[in-house]
Amino acid sequence: SSDLLPCAREPTSGLILISIFSRKTRFPHISKLTLPLTRTSSHIHDNSGLMAVGGVVECPCLSLTSSLAQAAVTSNVAAAIDGLSSYYGLHGCQAYDEGTRACTVPKPPSWCHARWCYVDTATCAVNRAKCETSNCGSRSCMVGDAQPFCRNRPSRQATLPHLQHLGLKYSYETCGAKDDYSVAPFLEYVNRSFLVTPLQSKPWSIKNEVETWSGILPEYMEHVAKNMKSQLTWVDPPISANSLKLFSSSWTACVHDIGLGRLDMCLADFWITVDRMTMANFL
């Protein structure tokens, strides 16, 4: 069947990617590649994969001497939750939930044995100005370097009600653990409909004579949606006239529609470019 889109196809890249969701959406647990690193710091990720007690240098655990930590201790004491230490989450990387009621069951959740801590949110946040005035060996630091203010680690709002007013955030990742506790990022993608546009590109996305989509990417995403109890809705017209006027590439126009919120996904063999990265995430 013919390509109904006005632009030539993307050149073969050898890397198949799906442009998916607005750039405000994050998938913290999908397709992570972690490599053992060694850093010359008191907070290191050593080659065994275990974090030092204070978390990684770019997003350290909250210092117990800080005013925020002391306020948290006071709140914990006042709350007097059975089995909860006043220093819960505040003594560096530890498996704080071991021994709690939720974890003293025959088959405890995986997060019961995972180490985590409340983190220093001021340091964890990327601050380009502070980052670039620091030294990284023989050069000035850049955003992305493993230094305070240059790189962050995933962190989430404290779940204990008596601590939420403090703005505390916790992180498993800074302690070298995978976060199995926070399921909230996934729940918004379950049991819902997604507006999807495949781009004609054999063998990845193919529109047949009866105007239905087949190929590797549509069939794969149909399988994913079924497991998530969700629905894929193929959008017609696939790309808005406004986006097609703005860009000579149908691929970029499709990504632009994601950035505007008209689409949730574009399925195709994309090149990742700077312009496209500012409009959408790629999976």
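**Reading the helix, sheet and pocket of a predicted model**

Q: How do you know that the length of helix α1 agrees with its number of residues?
A: In this predicted model, helix α1 covers residues 67–79, and at 1.5 Å a residue its 13 residues should span 18 Å; because its end C-alpha atoms are 18 Å apart, the two values agree.

Q: What makes one face of α1 the buried one?
A: Buried means under 20% relative accessible area, and in α1 this applies to A69, A72, V73, S75 and N76. Seen down the axis of α1, these buried residues fall within an arc of 165 degrees, so they line one face of the helix.

Q: Which residues of α1 are called exposed, and where do they lie?
A: Exposed means over 50% relative accessible area, and S67, T74, V77 and A78 are exposed, carried by the face of α1 that is turned away from its buried side. Just after α1, A80 takes a positive phi of about 50 degrees.

Q: Why are β2 and β6 said to pair?
A: Two strands pair if at least two bridges are found between them; because two bridges join β2 to β6 (residues 169–171), the two strands count as paired, and they run antiparallel. Within this pairing, C117 stands opposite S171 in β6.

Q: What makes β2 and β5 edge strands?
A: The open sheet has three strands in the order β2-β6-β5, with antiparallel pairing, and β2 (117–118) and β5 (156–157) each pair on one side only.

Q: What lines the second largest pocket?
A: This pocket, with about 410 Å³ of space, is lined by 19 residues, of which L84, Y88, D97, T100 and L160 lie nearest its centre; by class, the lining has twelve nonpolar, four polar and three charged residues.

Methods:
Residues numbered from 1 in each chain as written. Predicted model: local features only at pLDDT ≥ 70, side-chain atom pairs only at ≥ 80, totals over all residues. Heavy atoms only, no water. 1 Å grid on protein atoms, 1.4 Å probe; cavity = no way out; pocket = protein on both sides within 12 Å on 5 of 7 lines; lining within 4 Å. Points joined across faces, edges and corners; volume = space filled by probe spheres on them. Nonpolar A, V, L, I, M, F, W, Y, C, P; charged D, E, K, R; others polar. Helix = DSSP H or I, 4+ residues; strand = E, 2+ residues; numbered from the N terminus. Expected span 1.5 Å × (residues − 1). Buried < 20%, exposed > 50% of the residue type's maximum accessible area, 1.4 Å probe, protein only. Arc of directions from axis to C-beta.
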